[in-house]
Amino acid sequence: MSTRPPLTLKGSERLKAELQRLKMEERPQIIQAIATAREHGDLKENAEYHAAREQQSFCEGRIKELESTLSMAQVIDVVAVGAMNPGKVVFGATVQLEEVETGETITYQIVGDIEADIKHNRVAVSSPIARAMIGKEEGDVAVVQAPGGVREYEIVEVNYQ
């Protein structure tokens, strides 16, 4: 029996919005681009046609991936989980950390692997830093084995949004 991948409620909403945009906006635009390119004649040497077909292939693949992900995922309401575990780092929590050595602060949200995006400070629940934080509380120190060596982070604040 395989476990269902976790997904935050906001992450689920983001994926559903992307799926809707792909189906309602991009797919029709690509179909129109293919039709226009076909009107230009010989398809063998028609770069516009081949580019549009490649774009269509990518779009359809992403639609299938999103539909599969959303159908299999276990959507977790972060606010409800946080209410049951106040002050504790759990899946979906947004955690403000202070690096013990440098005093630098950073904030991460612990999310499912599917929705992880370091550019938006969303780290996968399976990542070393998330695994080090899970179960800890405000004031605790999380020890992370990073590629550059061991790093220690004090958990300053835990939010559930």
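Predicted model: local features only at pLDDT ≥ 70, side-chain atom pairs only at ≥ 80, totals over all residues.

Residues are numbered from 1 along each chain as its sequence is written, and side-chain values use heavy atoms, with hydrogens and water left out.

Helix first. Helices are DSSP runs of H or I, at least four residues, and strands are runs of E, at least two, numbered from the N terminus. Helix α2 covers residues 47–72, 26 residues in total, and spans 38 Å from first C-alpha to last. That's close to the 38 Å expected at 1.5 Å a residue, where the expectation is 1.5 Å times one less than the number of residues. Among its buried residues are Tyr-49, Cys-59, Ile-63 and Leu-66; buried means under 20% relative accessible area with a 1.4 Å probe, protein chains only. What do the buried residues of α2 pack against? They sit against β1 (6–8) and α1 (9–38), with contact meaning heavy atoms within 4.5 Å.

Now the sheet. It's open, with 5 strands in the order β5-β4-β3-β7-β6 and mixed pairing; two strands pair if DSSP finds at least two bridges between them. At the edges you've got β5 (122–124) and β6 (141–146), each pairing on one side only. β6 runs antiparallel to β7 (residues 149–159) over 6 bridges, and Gln-145 stands opposite Val-150 in β7.

Last one: Ala-146 is in β6, and it counts as buried because its relative accessibility is 18%.

Definitions and conventions. Buried < 20%, exposed > 50% of the residue type's maximum accessible area, 1.4 Å probe, protein only.
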